[in-house]
Amino acid sequence: VSTQSTGVKMPRVVSKNLFNFKLAGKIDDDVIAFEAKYGEFMKSQPGVMEMGLRMKELELKQDAESNMEYVNLFRTANAPFVKLFCADEAFNYGREQTSITHIKVPTSHDGEFDVPVEVYTPKDLANETKRAAYLFAHGGGVIALSAADMRSTVQCVAVDMGVVVFNVDYRLAPETKCPNNIKDFYKAIKF
């Protein structure tokens, strides 16, 4: 039982997912269609099941060689999914309605390195002098993916939000040790 500043006592959350309810909504037809497309795609990929089993084995090991093998399998497993997902025609409007520029942010916290940043500007904001900005850190658990992998989805964010998006291509672990990859992103924020 926890006591908040109001003095109200509440039972602790028991769900690992923090939510103790069943979803009651409807899944959109396009989501169902994409999941079916992805399922067929995965069936066509050689060694997917074996890769998943090997990754489960590696999760239990704590040596550097096993960790690097896990990272490489994770990267290999994610690449085709992300490519398929981001190529979906649902993201065409983002590609069509933004322009892309690139900047490099100089850093020296882990050797001399220029952090690549992709900048997506909605075309209808091109002549605006005051524009809101959004900095984006691509997914991949800090060990996989890149700004380019997430480009089409983040371009849609720029259009939908009406902002300029800076998609930071920070360095990945384990090749870059934490906190240096986080510092890459931080330097982009300060730039």
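## Basis of the description

The structure is a predicted model, in which local features need pLDDT of at least 70 and side-chain atom pairs count only at pLDDT 80 or more, while totals for chains, interfaces and linings use all residues. Residues are numbered from 1 along each chain as its sequence is written, and side-chain values use heavy atoms, with hydrogens and water left out.

## Overall organisation

The chain has six helices and six strands. Helices (H or I, at least four residues) and strands (E, at least two) are DSSP runs, numbered from the N terminus. Read from the N terminus on, the elements follow the order β-β-α-α-α-α-β-β-β-α-β-α.

Of the 191 residues in the chain, 29% are buried. The term buried denotes under 20% relative accessible area, exposed denotes over 50%, and partly exposed lies in between (1.4 Å probe, protein chains only). Contact means heavy atoms within 4.5 Å. Among contacts between residues at least 6 apart in sequence, 63% join residues at least 24 apart.

## Packing of helices H1 and H3

Helix H1 (residues 29–44) packs with helix H3 (residues 64–86) at an angle of about 145°, and their axes are 11 Å apart. Axes are lines fitted to C-alpha atoms, for helices over the stretch in contact, and angles run from 0 to 180 degrees between N-to-C directions. H1 contributes Phe-34, Lys-37, Tyr-38 and Phe-41 to the contact, and H3 contributes Pro-80, Phe-81, Leu-84 and Phe-85. By class, this contact has seven nonpolar, no polar and one charged residues. Here Ala, Val, Leu, Ile, Met, Phe, Trp, Tyr, Cys and Pro count as nonpolar, Asp, Glu, Lys and Arg as charged, and the others, Gly among them, as polar.

## Aromatic pairs

Five aromatic pairs are found in a search of the whole structure. Rings of Phe, Tyr and Trp (its six-membered ring) pair if their centres lie within 6.5 Å; planes under 30 degrees apart count as stacked, over 60 as edge-to-face and the rest as tilted. Tyr-70 and Phe-74 form a stacked pair, 6.3 Å centre to centre with 20° between the planes. These two residues are separated by about one helical turn, because they are four residues apart in helix H3. Tyr-70 counts as partly exposed at 21% relative accessibility, and Phe-74 counts as partly exposed at 21%. Ring pairs also link Phe-34, Phe-81, Phe-85 and Phe-91 into a cluster.

## The four-stranded sheet

An open sheet of four strands has the order E3-E4-E6-E5, with mixed pairing. Its edge strands, E3 (98–107) and E5 (133–137), each pair on one side only. Two strands pair if DSSP finds at least two bridges between them. Neighbouring strands are turned by 25° against each other on average, direction ignored.

E5 and strand E6 (residues 164–168) pair in the parallel sense over five bridges, and Ala-137 stands opposite Val-168 in E6. Helix H5 packs on the sheet, touching E3, E4, E5 and E6, and its direction makes about 50° with that of E4. Helix H6 (residues 180–190) also packs on the sheet and touches E3, E4, E5 and E6; the direction of H6 makes about 170° with that of E5.

Thr-121 is found in strand E4 (residues 113–122) and is buried, with a relative accessible area of 11%. Beyond its neighbours within four places in sequence, Thr-121 is in contact with Gln-97, Thr-98, Ser-99, Arg-131 and Val-164.

Gln-155 lies in helix H5 (residues 151–161) and is buried, with a relative accessible area of 2%. Leaving aside neighbours within four places in sequence, Gln-155 is in contact with Gly-94, Arg-95, Thr-98, Ile-100 and Tyr-120.
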